[in-house]
Amino acid sequence: MHAVPPLEQDTVDVTVDASPAQAASQKPAHAPGQAANDAPVRDLRRVGIHPDYWYPLAWSHEVKRGKTHGVTFAGDPIVLARTESGKVFALEDRCAHRQVPLHQGVVDGESIRCGYHGWTYDCSGKCVDVPYLGRERLPNGVRSYPCREIEGLIFVFPGDAALAEQRPLPDLASVSDKKYKTRRFGRPVNCHYSFMHENLMDMNHQFLHRKQMGQMRARSLGRRRGEGWVEVDYTFARMAGQQPIGEAIVFGQSRKTGGDNDKDVMTIRTEYPYQTLQIRTSEQTLVMNLWIIYVPLDREQRTNRTFGLLSIRKPGIPGVLNLAWPLLVWFTERIFKEDREIVEAEQRAHDSQGADWNHEVFPVINDLRALLRENGAPDQVVGAGTGDTAVIRFWDSRRGSPLAKS
Ligand code: FES
Ligand SMILES: [Fe+2]
């Protein structure tokens, strides 16, 4: 367990991150993207996600027995394969021979056979057969990735494989706990992963969801920080109107109109690179547990695939949650759609402005931004592909060029 520092109160700090327009009018001592001490600040939207973590790249059901499945992590093509015995493994999605994608090949027993000349690779990426060559003259194979399957997700470790064992997989205990029912959801979203983290952690955007949730006000109770994580607690108060039923299923039914709430506390935590949203009652019962991750798809990390596991504690009366489930699905889809549209708008604004003009005033979000910057890939800059952006491959220097391997 982490040591938990005391709560820091969220007083609003308005002295941060002036936009270029504001900078001109206010004549600040430092330029946007530049700290007061003149140290350059990395544009968060150009910070690559750190590859030395476990990332889900597919749902288990997407990788069928005896089949291949092509995915990407930050532009790197990866093939997932489920062998005849049901085991899943992950390799570079290229044949060492003519570089065609291995996902176009076939699973042959416990190996993948390329669809072109039939070169065959085992789960370690070793080439184990070239049909027209003697076994003693087999060429080098392709890179393999550490791969684990838990709770219906296929996790891959895309970074330095030597670090995989010591890096823990995320805790998904609520998913297998019979006291909870879990909804799996997610889809591609056209934005940098940092916008997703900010969106979920900043509950001051309830206004966006006013049609779904009515008038709600979040009150931050304070925030905590530690090595690799930041979290914030909120309570909610309904300012007007009745609680919509979809929201009641997700968030519980005890909130009253007006004043502060029933003392349920929502805690949102980014523990790099994952995020959780948990609601606990005053008796400390965990009634909702969302685990979520935003996996960059393209090399410039302008798109991500979201994988979410939303676990709801079953109420005392059996079957009630099952009956209400379609409503919960509908409600969460609507909320997700509103969030998706707004973060994609943020990404478009960043791309057209060419820099981060955000004027962030909420302290926990500034903490979060610092956390994502500090824990991102240290020597990788991603961007919109414009001339001023160098795209540097984080792990090329560690593994050598692909050509050197075949
Ligand atoms: S390209 Fe794969 S076997 Fe030739
Ligand atoms: Fe939202």
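## About the model

This is a predicted model, where local features need pLDDT of at least 70, side-chain atom pairs count only at pLDDT 80 or more, and totals for chains, interfaces and linings use all residues. Residues are numbered from 1 along each chain as its sequence is written, while chains are lettered from A and ligands numbered from 1 in the order in which they are written.

## β4 and its partners

Strand β3 (residues 76-82) pairs with β4 in the antiparallel sense, over five bridges. Strands here are DSSP runs of E, at least two residues long, and helices are runs of H or I with at least four, numbered from the N terminus; two strands pair if DSSP finds at least two bridges between them. Five residues sit between β3 and β4 in their hairpin, and Gly86 in the turn has a positive phi of about 100°.

β4 also pairs with strand β9 (residues 144-145), again in the antiparallel sense, over two bridges. There, Ala90 stands opposite Tyr145. Five of the five residues of β4 (residues 88-92) are buried, so the strand is largely enclosed by the rest of the structure. Buried means that 20 or more other C-beta atoms lie within 10 Å of the residue's own (exposed is 12 or fewer, partly exposed in between), with C-beta atoms placed from the backbone.

## A three-stranded sheet

An open sheet runs in the order β1-β11-β10, with antiparallel pairing. β1 (55-59) and β10 (147-150) are the edge strands with a single partner each, so one side of each has no neighbour in the sheet. From one strand to the next, the twist averages 30°.

β1 and β11 (residues 153-156) are joined by four bridges. Trp59 has Leu153 in β11 as its bridge partner.

## Helix α3 against α6

Helix α3 (residues 193-201) packs on helix α6 (residues 320-353) at about 130°, with the axes 10 Å apart. Axes are lines fitted to C-alpha atoms, for helices over the stretch in contact, and angles run from 0 to 180 degrees between N-to-C directions. The two helices are therefore oblique to each other (under 35 degrees is roughly parallel, over 145 roughly antiparallel, 65 to 115 roughly perpendicular, and the rest oblique).

On the α3 side, Phe195, Met196 and Asn199 meet Asp339, Val343, Glu346 and Gln347 in α6; contact requires C-beta atoms, placed from the backbone, within 7 Å. Nine of the nine residues of α3 are buried, so this helix is largely enclosed by the rest of the structure. Among them are Tyr193, His197 and Met201.

Methods: Two residues are in contact if their C-beta atoms, placed from the backbone, lie within 7 Å.
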